Structures are given as structure tokens and as C-alpha cells.
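Q: I have just opened this one and need a quick tour. Can you walk me through it?

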Amino acid sequence: MSTTPLTERIRADRTPMTLEEYRAAGGYDGLHQALAMAPTDITALLKDANLRGRGGAGFPTGLKWSFVPMDDNTGLKYIICNADEMEPGTFKDRLLLEGDPHQMIEAMIVSGYAIQANVGYIFLRGEYKLAAQRLRTAMAEAREAGLLGRNVQGSGFDFELYLHTSAGRYICGEETALLSSLQGERAVPRAKPPFPQQVGLFGRPSVVNNVETLCNVPHIVREGVDWFRNLSHSEDGGTKLYGASGRVNNPGVYELPIGTPLREVLEEHAGGMKDGYQFKAVLPGGASTPMLTRDHLDLALDFDSVGKAGSRLGTGTLVVIDDRTSIVGLLRNLEHFFAQESCGWCTPCRDGLSWVEKILAQMQAGAGQPGDIEVLEQHVRDLGPGKAFCAHAPGAVGPLDTALRYFRDEFEQAIAAHATAGGQ
Amino acid sequence: MAIIYVDGRPIEADENTNLLQACLQAGLDLPYFCWHPALGSVGSCRQCAVTQYQDENDDQGQLVMACMTPAAEGTRITLADESSSDFRASIIEWMMTNHPHDCPVCEEGGECHLQDMTVMTGHNYRRYRFNKRTFRNQDLGPFIGHEMNRCITCYRCVRFYNDYAGGTDLAALGQRNQVYFGRHEDGPLENEFSGNLAEVCPTGVFTDKPLGERYTRKWDLRSAPSVCTHCSLGCNTSPGERYGVLKRVQNRYNGDVNGYFLCDRGRFGYDFVNSDERIRRPRMRGPDGRTDMDAGELLERMAQMAEGTSLIGIGSPRASVETNFALQQLVGEANFSTGLSAAEQRRVELAREILAEGPVATPPMRETENADAVLVLGEDVTATAPRLALSLRQSVRNAGFERAAELQVPSWRDATVRELERHHRSPLFQVVPWATRLDDTARYNLYRRPEAIARLGHAVAHAIDPDAPEPVGLSASEADHAADIAETLKQAQRPLVVSGTGAHSEAVLHAAANVARALHRCHAQPEQVGITLTLPEANSLGQALLGGEDLDTALERAAAGGHTLVVAENDLARRADGDRVRQAFRASRQVIVLDHLENETTDQASAVLPAGTFAEADGTLVNNEGRAQRFFQVFEPDPVIQESWRWLVALAWSLDAETEMLWWSQLDQVIETCSRSCPELGGIVDAAPRADHRVQGLRAAREPARYSGRTAMDAAVSVHEPGPPRDEDTPMTFTMEGYGGPGHTDPNLIATTWSPGWNSEQSVNKFQAEINGAMAGGNQGRRLIEPAGASDWYPAVPEEDGEGWRALPYHAFFGSEELSAASGPIRERVAEAWLGVAPEVLEERGLDEGTEFELRLDDVSVRLPVRALEGLAMDCVAVPVGLTDLPDHRLPADCELIGPEAN
Amino acid sequence: MTAERIQAFVLSDEEKADIDAEMSHYEDPGAASVEALMAVQQRRGWVSDEALHAVAAYSGIPAAQLEGVATFYNLVFRQPVGRHVIFVCDSVSCWLCGYDDLVQSLCAKLDIDFGQTTADGRFTLLPSVCLGNCDHAPALMIDDDHHGPVQADELDRVLEGYS
Ligand SMILES: Cc1cc2nc3c(=O)[nH]c(=O)nc-3n(C[C@H](O)[C@H](O)[C@H](O)COP(=O)(O)O)c2cc1C
Ligand code: SF4
Ligand code: FES
């Protein structure tokens, strides 16, 4: 049995398998097995497997699905794949989508069946043109083969799958904003509760999951709970697509047991720092995850361990920061991103982040002013969870918070520089 | 009721509301922006943050948005702690990063919710050192000014305009901190309720444009409680004046009637008061043409002329009860005409009969929002009773609220409920002559000729209750529709039938009455069934209650010769054929006309007296619900202009009439006499307090306490300070020396709302018994009509339609109503005259809109460009009332339509 | 927008077919607002005011709502663009790996700034959030093609393919 179930069928050059090839490699077996099961049993399986969401928040998938009302037949239910992948530093879902589109489709059908959703959408970011093209081809093959449409494989279960290509904006990845976006509206998040499982797309029960999360589902159905839990080095089940970017020798995506230590990912898989660069810090799971430093190198990269260390596993794709990088400049880049991508719905995020960005820009230019750090700190406080409307703003200030704590001297210097130059 | 603890103090709260509403209800000051009592909560501004504690032992607490948190039993919160008050101050500080410091030149200044909230949070020191963003503004038409730089992005505008009012041409554009609220391009806002944006917007982005063009601060406006005169619904208004110019009309909350909102006709129709067409001097027509004349002399001459004649009085449904009653007193009951054409009088009288003698009550307008199934029969409600259309739009939300309740989502969670409404909408059916602005709310719309509308209505009634008369020869599909509508209405808990006089069809009213009666008979709780009828004018129902002969009869009598005709506030040309009016006038010894504006009738009168408008007079109007409501004089006009009833008293003196009215010097005397002599109007004494009423020992003030420059206002004319005008007629003063703040027990006397710290219209929450509910002291006005249940089915079901072209009355939202059409801003929105035809008529002939057609009605004809009216029957022409030279009062009528044939 | 200008703009049959197809994918056809605009943009490079009105008229989605989404999403162009659009990733991984140099060379070479189009109408230069090509930083995307890592001295070779 494989230890890299998600990526083992992906070829080095990423050319995807045809339906025939995919089937020959064991593809759609999971679907066959699933269609023979009671839908709720699949959800129970996921609970036991302790599959946690790979989109960033790590919410247990089985639990999420269990909130779908199974006796509600008054209208459609929806299964939605979050393939918006726009978190800076994140490029793992793209590999799955481009490299193994049938795996994605199989995952959608099985998941749709489990919650008895007759319609699925893959919400794909607009820039993933190649993925779109490959998914379309694979979907056409699947439809032709009776895997999509009415009466999937003679099971009596109908399943329509549509590809929605987005027109860009990071906030579309937030699961409730994604629903607004799919409805053809501005991608503005929604208040919870009620959760999408109750009131989701077009007001109907809906489940939104990440690409990687969903791709695990057919494998769990096929190989079972124990296999899945054994893949892991932690309480969380399965493997994780880790990644690394920045000044490392082997930037890329690596499927490893979930809970693999940071050092191992960094040194063995990412190949360590490039010549002439030293490790300074890392954003462990994309731009919205608080920084970890040298002190955390032995941390196991699973949801709980990273959480305890004051950060989040996020998407598991490491953004490695080297010693030649200015932290103030880095934060300016990050906050520029977050300010730009604010949807503009709630005040703290909309107006707070642009203030943060402007201060950081002046600091980066050596024109910081006394009091700026305090203003930044205030923003860290006032943009936290529960204060802004959604998790975008808290995500934005996580790295800032840690940067101000771990690298405060760099901020102080940015102000001092200005003071010595005669500024005030 | 639940008990919640706010800073340790127990507070009673309705557990169906949220913490913000509960705090405001308890009189606490908690700032907010995106919440609005009528719009519910979305939690976007984050201004209402408070700290919530799990229990007594929790000393950490957690920040929550009060507007998004239910007021559940035992909830513990603090507003006073540092962390939540600091956070609230941060919110304002963020909003202020881009807000211009232009309060001195901002139209909102002095009544700005943002100013109020800024002071409330204590943000007063600017730390943000970067540039502010700027936007380009749009031209949104004659009603609403646009200054986007002032926007704080609370989203209230689009939530009101799109979600609440059904508008489609305003949107949030852009993103991040560049969100722009505007149209996709410059152009007038299309929705009929756009004016409310000026009140809904908490800052000066959307402002009252006509006010802006002759600007006065709120604190410098003299205002009075008033009632809109531009349709029959009687929305409560607060008109404001300075320097003798009426400058704006704002909404005046009435929990039963209009709530928080007005339509644009009501808000911007007032400007006829300032019109150049105003009659400002008494005048007489002599051998050498018209001469302005001193009132005394004029009255004397009229008396001379009147000698030996008998009087005929013609009243008006747009004049107050008092004016009409005074005229009736002057001329004697037998010589008094309501001023309604015979046909209109029959319809209005029928409506009165249905409401007063039928079994089914008419709900107050706000209650129509609770209906869970509505049938609109024959009425284009948005055109004839606009504010009602806004309420009906809310009624379809009830199924969404119910579904939300099942999911334990509170009704005030606006965004969520609106998602649920995609699949859960209460039924509303329209059977109407053409596509209307309410179509999007309806489960389905059936477009029919008036006879067919009535027949379908009767069929519905019969399907509900087989005892109801049955239309013969109904087609199968029509029977199916009737059965479907009947079944749905029957199953509803609070069904409502809406109809009116807009189609000029008694048959439609009969059908509506029968549907209501049928529902009443089969409903488990018959008192839950409602019928709402819209009427032509602001006091139509008052006229029906007062009684009198119709205009046609009066004109006929006058044509016999030798009368003195007294016409009060009525342009007869709008209600009778010009020839007949001219004939009657010519035959009369003299024609005395009292009115506000020049029109065809004043043009032909022998004497014209300048009558005070609603803003210059007091009086009572009876709305379509049968609610008598008092409007109060806003300001003292030029002393020559008087209330019509006072002119009539003067006339009585000079004619030496023997009547009690000679002793009338105060409005209360008119009201009391009227109430005594006309039992059906008996209740009008209770519509508002008598003149000797006092509020905490004081009169109620028309001017705010901060009214400035009173002693200097006229200094350019005379340095001698004039005494303040006295008000003999009401318990109000024209000055600020009176009671103004909250704690009023009589809502009828509240001109505008203000409370310490609350300068904006949101201060109304300090005057309500319950937020969104009734005013403290009960809602304004007094209902005069309750159903007696005496009448029977209306048996006459009309025949199938005849052959040939029919001309139908079409009520244009702008232009068909007489007085508002003379208002400057409205005039910009009134279309050139046109005729409406079915789109198929143009398609068949390959013609475009705008092609001229000729319409012949017996002896008259017009040539006008046509418009395609979706849904209009192929053999019907819609004639916009008041816009063409055709005699609207004759509609519907057989006609001939002649246009270019296919080319 | 004058009626004549609106009327002068006609959606092609292909555009209409695309819009129809997208609208059929949702229980509320109005949900296809972005796709409807993109159907036009795909063929015309951008969404003009006339196009916006035409899509509104064809789809029944109010023009204001279309403008609401058009101005929200990054990839809907409401202004004309060059024959090719270059998106330069300005997010963190690319920034760490030489974004500044790349942009400097690119701007110098094309003689334009972000948001501008070259005089010959060949390229429009736009910043982009993370392109999901972080392991090939610094990255850029031209039309539908991803490139990375692109060092400043490789620009000529990369741009060559786009005339
Ligand atoms: C601002 C923001 C952006 C997000 N972007 C993505 C994304 O691009 N892809 C994704 O899978 N999840 C994203 N998420 C997380 C989703 O909200 C959601 O948690 C996830 O799709 C759930 O799937 P999972 O349980 O399978 O992880 C984002 C969250 C936030 C707050
Ligand atoms: S935190 Fe607020 S403004 Fe930011 S993305 Fe979320 S809802 Fe939008
Ligand atoms: S009023 Fe509560 S968040 Fe805006």
C-alpha cells in the first residue's frame, strides 16, 4: 500500500492520465466501493480516519459533513471543491489538479454521494488555466463513461459536476465568500452560524472542502481507516502535501506523513538553504501563518503542534525567509497583499490593513515615526479573530504579530533611521 | 422577555432581538452604523462591539458584535470596559482615516449619525498621517446628491435600495478600501424610494439634493408634524421651512403607517408650495381682465354679486376635512358637492362601503408587511399607493422568516434570511392590467383587461366559498388560476386582498370585496383576513364619509343658471369635461375659487382666493385605512394666504349667512362642529390634541432649541423685531419656546426627533415605545372605520370583454398626481405625454417605440408617441392620467387607435 | 451611455452560446455574472461599457450588479489592454527571490509601469497576487502561460514568443 496516495499517480512532467490509465491504476475503485455503502457510513469513516481539512483551518472533515441535514429533500445540496489556492506561498493544490484530474473528479463524486449532493462545483482560481483545461478534458471523459450525470454507474445517484473558473481575489477562498462568489456576487463572506452545511450555496446545504482534503476521500474509502491513520506521524490522519519556497535548494511540493518535523522538510526535502543564505524564519503554511524561527526547527508539522507553537499549519507550504531579507520589507509585502485583497466588507480589515501597509511602506523607506510600532501593535490587537468579520484580517496580522515580537529591533531601526536623518 | 445584564445592571429585553437593539431600547447609547431598525443586522461595520461574559465568574470576556448576538436570557455584557470601548474608538478612527473634514459645508452637518457616533465613542485626535482617498461623484438625478468621499462603507444604502426596496441600479463597486456606492453610470436613480437614501445613509454621501440647493441646517428649520398629500396612504411627514420657503420633507415615523420610509413622490412633491404658479393675492376678473385686490374689498364685491343667487359648493378630495366641512356649512348640505366625478364618487363610496359595512377590516399599512399571502387585484400599487408597494414587498419575506426560525436563525440576521428567501417566499399574486414594479416579488403575475381581472377575482372568491357569485363561461385555464390562488389564500394565516380605484373599475372592487368576504367566512381566525383598498387622493375617504352630491350633478344644477359657485381646492377640469365646466361657469353669476396653484379652474373663475397649502394650514385627512390624521401648519405665510376654512368663514360673514360657522375662530371649533354634525367623522377630534393641550405645561415647539438668528432673520427688511407668530389653532408654537425633546406623550405633536447625543433621524429610537414598533404614547392618528359586517356579496359579475379598443387609465408615478407634478424636482422626472400599447402591437407592425399614434375617444383625439407596456392586452391603450389632453375621468372608455400599419 | 452606442454593440452568437451554457450551470442563472463578462472578454480582450450593457440586456442581470462584480474581481478588465497581458507575481515567495529586479528590468524594457500598455499595444503590465508558482520564483504569467523562475536576463527570450 502506498505511502504517497495523493501523488503517486502523478508523472514527473505532470501530464495527466487518461481515464483508462487512471482506471488501470486503481482509479474509481474508491467510487465503486463508496456507491455500495450507505452515505453516512462514508462520513463516519472520515471521522474515524481523523481527516482534517487541508485548506488551512484543519477542521475535521467528517465532523463538518455530519452537520449536513440528510433528511432534507426539499431542494438541491451541493459539494464544492475549494480550488482557489491564492494564499501566497501555496502551490500544492495545483499539483493535484494538473497532475491527476481524475482523482479530483472521483473525489467529488464520492464526497457528493456521502452528503447526497447532486451537484458539485470545482471553484478554480482563474490563473490555473492548465488545470482548467485538464479538468475539462477529464470531466468530459468521465461524463462519457457514465461517471457523471444521471444515475452514476447505475447506482441511482445523480451527480452533475461543473467547473467554475474564478476571476481572481484571494477572499474567494474563504469558504463563505466562495459561496457568494459562486452565486455571481461580490465575494463577501457570510456570518456563521448558520454554517454552509445548513445554509450554503443558494441558501441550500453545502459543503466546501479543499482540493487536497477531498482527494484523500476515495483513498480512505478504498484503503480504510487504519491504513490512513498509519500514514501519519501524528494524531491527524494521512499524509500532507508540504511545500517550500524561498531561497532553498529544492523548492517544490512533497507528500510526507503529516507530522513530519520542520527540519526534515526543510533540510531533506527542500534541500536546505541555498549557498550564501542562512535560515532566518519561516511562514509554515502560507502568508497568513505566524512566523516560526530557528527555535522551532524541531517542531512536528501537524495542526496541533504548530498551533501550540503560536502559529498555524495552514496549507503546509513553507515560505522560507533567509537572513538577507529585511523583516520590515517582508511584512510590507505581506500586508500589501492583505490590504489589496480585503473584500471591503468590514471596517477593521478594510481601513486598518491599508493603514498598516502605509506605515510599513514608510518604515521600509526609512521614514518610520515614533509611535508607529504602537499603532502596528494596536492593529494586531484590533484585527484579531472575532474583531474583523472573517479570518482574512486575523490571518493578515498573525505574521505581523510574530514579526514584532521576534524581530522588533528591525522595526525600531526603521524608525531610528528616520530620526537620525532629521525626520520626526 | 428576557433579563440581560449590562454592566451589572439587569435590563428587560425582547429575546427575539439582538443586544444592540436591546441596549438602545433600554435607553443606552451604543454606537452602530450598519444596523438599521428596518434593515436588521449584518455585522459589517463592527462599531457595536461589546464584551460578553460567559457567566459571573468569567472576568476575561470576549468581544462580540452586539447587533449579531441574540438578547438571550442571562446574557452578560459590558459596554464600559476598556477593551470594547477602545475597539469602538478604533472603528471610528478607521472610518475617519478617509472621511473628509468638510462638516462645515456638508449637508448632513448637524444631523449626522457619523458625527453623533464619533462624539459617542470619544474619538477626537487624528493619528493617521497619510493622504485620504478621493472619488469622483455621480449625477444621480434631481433628488439625490452624491459625495462619495464622505463614505464610511456601512453598506446601508445598497441594503436599503436593493434588498429592501427592490432597486437594481445602485451597487457596491470596487473593493478593499476603494468601495464605491453608485450607479454603473451617471443617471437618475430609478427606484421609487431613492429619497430614503438621504436618511438611510449615516453620513453626507447621499443627500437631499433640492434641500442642498437652498440649504438650511436641520437646527434652523422650522418643522411641523404633517401628512403627505400625494396619495391616499397618509404617510407621516416632517416638512421643514426657513425664510418662507419649504425646504424639504423628511420621514416622520408612524409605527402603523409609514414606519421609516417615504416614496419619492411624497418626499419631493412638496415643492409646489414654493411654485411660481402659486396664487398669492386675492383677485377678481372684471371687464378689463384680472385685478389683484384687497381681500376685504373682494369679499364685499363677491357679496354684492351673490345677492339673489343661491350657493353651490364644490369641495375636493385633496382638501382637508375642515375645508370641505366649512364649505358644506356655508352652502348647506343640500348644495354641497364632494367635487368627485359621478364615476369616481361611486367607486370611492363603494370602497367606503366595503371597509365600513363589509366584514373584513383594513389593516394599517405596516401590518400589511405581516401578510403571508397577498392577492393584488387590478391595482398598479407602486403607481397609485407607492409606500404600500414597499410594504407588500416586505410581506413576501415572511416565509423566509419562518424558515429562518426553523433553523434557529433570528429574523434580524438579514443576510442569512435573504439567502433563505431564495427558496422561501410568501406568495403574492398580481392580477393587473400590465407589468408593474412589484412583479419581481410575485409568485406570478396575470395581465388582464379590467373586466377579466374582476372575473378572475370573482372566480377566486367562488373557489374559496361556493356561496360567492360565480362567473359564467370562465375558461379552464382561468379557473385553474383561480383555484390555485384561492387555495393558497385559504391556507394562509394572514391573507390580504389589495385592490383599489386605480383601474377605475367598480367591478374590480366588487371582486376584491368578495374575495375578502369569502376568506373571512372560511378562515379559522377571520380577524386575520385583511383588505386594503387604495383610493385616488389624500382625503378621498374623508369625502366619502362627509358625503355630498357628485360633481356631475352639481355642474348640471349650476348650468341651470343663477348660482354663486364656490370651489374649494379643486381643478374641475381634471374631473369633468371642459365643456360642461365652462357651461356651468358661464351660467353662474359668479365662480369663487380657493386654491394654491393656477389651473384651468382658477383661470376661468370670477374671483380667486389664495388658499394655504398643507404647509400653511392645519387640518385633518382621512387616509385609505380610515385613519384621520392631523397635519399642522409649518410656517406663517404671507398673511394674505389663509386656510380655506378661514376664507369660507370670511365669506359667510360677508354673505351674511346664518350659520354657526360665523363664530369659528379656531380650528378646534371647526373640528368639533364637524364631529358633532357628521357622526362618521366623529373621531377626528381625537386625531390630535386640542389647542389647549400642553406638553409638560408647554406648547410643543416647531423650532429646535438651537434655532438660530430668529431676531435677525428679517433685519434686512426691518430692524424692528416682529413678534413671533401666534398659533391659535394648535397646541404648538412657531418658535423654539416649547417642548421639543423626547418624553413627549403625544406623538401627534412631534415635529422632528432629537435627543442629547442623537442629532440624526436615528434619534427616533428615543421616542418609540419599542424600536420598530409603536411610538411612545401610541401611533399617530385615529381610525374612524371598523367593519360592521352588514353588507352581502356583490352579485354583479361582469361579462366577458367586448370587442374593440379600450382606453385604460394609467397612473404614472410622476406626473399623474396633481400637486406633486408642480414640484420642481418631480417635474424633471415627468415624462412627455405618451400612450401605452402592447409590445405585440408594435412588433406586428414592425414599429419602434416613439412612433406617433392617434387615439380617438368620442369627440376628442390626441396624437402621441407610444410606449410598449409589457402585459397590456393587445386591444387596449394605456392613457397616462394627467399627462395627455384626454378627459381622464372618462376612462376606461371605448376608443379608436390609429397608427402606421406594418411597413 | 447613449442608446445608439448601446445598440451598436451586438454580442456574437458564440458569446451568447457561452453565456447560455454558463447560466445553465446554476439554479439561479444570474449566478453566471462573472462568466458572462468573461465570455466577452475572452473574445474582445476587455469589457467595454457597451459590452456591459449588452451582457446585462442579454442575461437579465442588472448592469449595476454586473459592474459590481466587474470592479470586484481582478481578472475582469474594464479598460482596454494590449495584445498580451503580463501578470507579474508580487507575492511573498517571488518577492523573496528577486521580484524587485525582475520588475525593474521589465518596466525598463517595455518602458511602462504597472497598469500601462506599451505604445505599440503589444503588452499590458499588471501585478498579480501569488500565481501558485512559488517553487519557480520569481514567476510571471503571460496570457495563459506560466513562466518561472524568470531572471532579469531571460526576459527577452520569454517575451519573444508574444508578438
Ligand atoms: C482569506 C481566506 C482565504 C482562504 N483561501 C483558501 C483557499 O484558497 N483554498 C482553500 O482550500 N481554503 C481556503 N481558505 C480556507 C477556507 O475558508 C475553508 O476553511 C476551507 O476551504 C475548508 O476546507 P477544508 O476543511 O478542506 O480545509 C481560506 C480562508 C480564508 C480566511
Ligand atoms: S476581514 Fe472583513 S473586509 Fe476583510 S476580507 Fe474578511 S470580511 Fe472582508
Ligand atoms: S452595527 Fe453591529 S456591526 Fe455594524
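What follows is a short chat about chain C, then chains A and B.

A: Happy to. Keep in mind that this is a predicted model.

Q: How confident is the predictor about the complex?
A: The predictor gives an ipTM of 0.96 for the complex. The pTM is 0.97.

Q: And what is the mean pLDDT of chain C?
A: It is 96 for chain C. In that chain, 100% of the residues reach 70 or more.

Q: How many helices and strands does chain C have?
A: Chain C has eight helices and four strands.

Q: What box do the C-alpha atoms of chain C fill?
A: Roughly 50 × 35 × 25 Å, taken along the principal axes.

Q: What share of chain C counts as buried?
A: Of its 163 residues, 55% are buried.

Q: What about the accessible surface of chain C?
A: It comes to about 6800 Å². Carbon and sulfur atoms own 47% of that surface.

Q: How is chain C divided into domains?
A: Domain 1 covers 3–72 and domain 2 covers 84–159. Their C-alpha centres are separated by 29 Å.

Q: What share of the contacts in chain C is between residues 24 or more positions apart?
A: In chain C, 61% of the contacts with a separation of 6 or more.

Q: Which peptide bond in chain C is cis?
A: The one from A137(C) to P138(C) is cis, with omega near 0°. P138(C) sits in the loop between strand 2 (123–128) and strand 3 (140–142) of chain C.

Q: Where does chain B have a cis bond?
A: Between L891(B) and P892(B), where omega is about -5°. P892(B) belongs to the loop between strand 35 (876–880) and strand 36 (893–894) of chain B.

Q: Which way do most peptide bonds go?
A: Most are trans, and most residues other than glycine have a negative phi.

Q: What is phi for Y155(B)?
A: It is near 70°, a positive value, and Y155(B) is not a glycine. Y155(B) lies in the loop between strand 6 (144–146) and helix 4 (156–164) of chain B.

Q: Is Y155(B) buried or exposed?
A: Y155(B) is buried, because its relative accessible area is 4% and the cut-off is under 20%.

Q: And phi for E569(B)?
A: About 50°, again positive in a residue that is not a glycine. E569(B) is in the loop between strand 23 (563–568) and helix 20 (578–587) of chain B. With a relative accessible area of 5%, E569(B) is buried.

Q: New topic. Where is T730(B)?
A: T730(B) is in the loop between strand 28 (700–701) and strand 29 (732–733) of chain B. T730(B) is buried, at a relative accessible area of 1%.

Q: What does T730(B) touch?
A: Beyond residues up to four places away in sequence, T730(B) touches D618(B), F632(B), A691(B), R699(B) and R702(B).

Q: Which helix holds Q21(B)?
A: Helix 1 of chain B, residues 19–25. Q21(B) is buried, with 9% relative accessible area.

Q: What is Q21(B) in contact with?
A: W35(B) and I771(B), leaving aside neighbours within four places in sequence. As for Y270(B), its C-alpha atom is 34 Å from that of Q21(B). The two are 249 residues apart along the chain.

Q: On to chain A. How is chain A divided?
A: Into domain 1 (19–230), domain 2 (240–322) and domain 3 (327–420). The contact between domain 1 and domain 2 of chain A takes 17 residues from domain 1 and 20 residues from domain 2. The C-alpha centres of these two domains lie 27 Å apart.

Q: Where is G184(A) found?
A: In the loop between helix 8 (175–182) and strand 4 (206–210) of chain A. G184(A) counts as buried, at 0% relative accessibility.

Q: What is G184(A) in contact with?
A: Leaving aside neighbours within four places in sequence, G184(A) is in contact with G30(C), A31(C), S33(C), Q65(C) and V69(C).

Q: How far is G184(A) from S166(A)?
A: They are 9.9 Å apart, C-alpha to C-alpha, and 18 residues apart in sequence.

Terms used:
Residues numbered from 1 in each chain as written. Chains lettered and ligands numbered in written order. Predicted model: local features only at pLDDT ≥ 70, side-chain atom pairs only at ≥ 80, totals over all residues. Heavy atoms only, no water. Helix = DSSP H or I, 4+ residues; strand = E, 2+ residues; numbered from the N terminus. Buried < 20%, exposed > 50% of the residue type's maximum accessible area, 1.4 Å probe, protein only. Contact = heavy atoms within 4.5 Å. Areas by Shrake-Rupley, 256 points an atom, 1.4 Å probe, with all protein chains shown as cover. pLDDT = per-residue confidence, 0-100. Domains from an automatic or database assignment.
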